[in-house]
Amino acid sequence: MMGRWQILLHARNFLSQSLRSGSGVAFIVLTVTVGLGCASLVFFPIESELVTAKEFKENAAQGVGTFLAVATLQPGKFSTLSEQIESEELVELAMWGRYLVLDHPVLLSLTVMLLGLLLPVLLPLGSFACIAGDVQHHSIRYLLPRTTRTSLLLGRLLGALILSWTVITCLQGAVVMYLGIVLPLDGWGALITWGFQTLGALVALTVPYVALGVLCSTIFRSPMVALMGSVGFTLTVPLIAFSSREAWEPLGNLLYLLPWGYAHHLLSPDGTVVVKTALYCLGHGLIFTVIALLRLRRADL
Amino acid sequence: MAISDRPGGLTALAALNGFFAISCGFPGLQRILSSSRLHAHLQDPEATADRWSNRDLESLIAADVDPQQMELLGILGLVVALLLAVSVWGLLKRNHWAGKWGSTLAAVGMASISWLAVEVLPTDLVRGVGMNLVRQMFYPLFLLIMIHGIFRKDLRLR
């Protein structure tokens with residue numbers, strides 16, 4: 001009971017500390033600015049009347065299908081993938097693309113897909129100083145006699161998650177409101193329902209990347225090195241996986257070291273697959289948390 | 001050397017205000033220049049025809065933009081840039097007037113410029129930037145929340 005209260009207390013303190021610290025301000029401003037920038041990029045062709053909504057949807061279905069083919073590590077080159085989708089060889093992916101673009105608000109789907117690619121790089125900004133900040137300033141020595149290392153880590157992880165979820169919810173809310181008021185291609189009902197579903201997907205996707213940030217924060221004693229470590233790892237995994245896949249196909253599976261390999265299934269038309277993927281994300285987050293916990297408990301502070 | 005007790009967030013806000021001061025100041029100057037060009041063109045179209053074959057100027061003329069409104073927008077931009085610059089010093093020094101009220105006035109000014117730009121500028125220039133306007137509205141709102149909520153005690157009158 002006492003431990004639970006301590007976790008909540010650490011979470012609250014972390015939230016207030018990160019809002020007052022430069023890293024929290026940078027995280028909020030960067031995430032919202034980049035998120036709204038993504039949305040602006042997606043809305044631009046329709047807003048500036050470069051294409052009609054119908055043309056946009058047709059082109060987007062093709063693009064999304066190709067993106068899914070790349071993300072699901074389909075054999076073949078990038079140029080041939082789009083041809084395979086056009087000739088309906090990859091019929092399942094073509095259907096999936098149409099589900100995201102034609103059955104649901106297209107602009108929201110595309111914005112969420114872009115966010116899914118960019119958020120993993122931005123999320124460590126909200127969690128990199130969790131432990132490393134206190135270790136660097138030696139203030140952790142004053143905390144540890146009053147609390148356990150487990151509650152400290154879990155509390156700060158919870159605080160970082162709450163901060164990230166709040167920022168993502170505000171961002172998603174702004175996008176849905178804007179689409180409903182300024183670009184009403186779809187009704188409010190469809191927008192709100194899909195808005196909640198995609199928000200759930202982003203919330204699940206947040207867990208492993210925030211946990212990775214906390215893990216790097218326990219491994220490295222300097223917050224900046226922790227930030228570089230988590231962002232570097234997040235970016236290096238897909239780069240190495242895709243480049244080494246050219247040499248030997250199974251090396252493409254390195255993508256599964258992080259949720260890069262399966263996160264797109266959070267937007268799958270099959271509800272069971274979505275739930276399973278969300279559980280995988282939580283599991284991935286749990287693995288990172290357990291490693292961080294073991295590391296912190298053994299660390300000489 | 002004594003360690004500063006200024007929260008890192010205030011330093012970050014000061015840096016962001018500095019960045020936004022630059023991004024408000026230059027468009028302000030550009031608008032003042034455009035308004036003077038527009039004014040000169042409206043007074044003597046033939047004399048200035050070959051001097052400025054600017055596409056933006058043509059769209060301003062076609063949209064029948066009032067040069068005085070344009071000038072007002074430019075001056076407002078410069079005033080906001082100045083307020084933001086003052087607030088940078090105020091936030092770094094944790095000064096109540098320059099930090100808290102300089103930032104507040106600058107935030108209101110930034111939001112007003114975005115709104116006035118939509119009202120004054122021709123549709124061709126502002127079409128397709130709706131989400132950018134939301135983005136421009138975000139920072140003033142965030143600044144107000146931080147200054148009047150999170151850093152309320154740090155910027156109180158001493």
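**Chain B against chain A**

Reply: Between chain B and chain A the count is one salt bridge, meaning a side-chain nitrogen of Lys or Arg within 4 Å of a carboxyl oxygen of Asp or Glu. This is a predicted model, where local features need pLDDT of at least 70, side-chain atom pairs count only at pLDDT 80 or more, and totals for chains, interfaces and linings use all residues. Residues are numbered from 1 along each chain as its sequence is written, chains are lettered from A and ligands numbered from 1 in the order in which they are written, and side-chain values use heavy atoms, with hydrogens and water left out.

Me: Which residues form the salt bridge?

Reply: Asp154(B) pairs with Arg20(A), and their closest N and O atoms are 2.7 Å apart.

Me: Which elements give two or more residues to chain B's side?

Reply: Helix 1 (8-43) and helix 7 (130-150) of chain B; helices are DSSP runs (H or I, at least four residues), numbered from the N terminus. Helix 7 of chain B gives the most, with nine residues.

Me: How many residues are in contact?

Reply: 20 residues of chain B are in contact with 20 of chain A, with heavy atoms within 4.5 Å.

Me: Switching topic, what lines the largest cavity?

Reply: Pro105(A), Leu107(A), Leu179(A), Leu183(A), Leu185(A), Asp186(A) and Leu191(A). A cavity is a set of points on a 1 Å grid over the protein atoms alone where a 1.4 Å probe fits but cannot get out, and lining residues have an atom within 4 Å of a point.

Technical notes. On a 1 Å grid over the protein atoms alone, a cavity is a set of points where a 1.4 Å probe fits but cannot get out, and a pocket is an open set with protein on both sides within 12 Å along at least five of seven lines; lining residues have an atom within 4 Å of a point.
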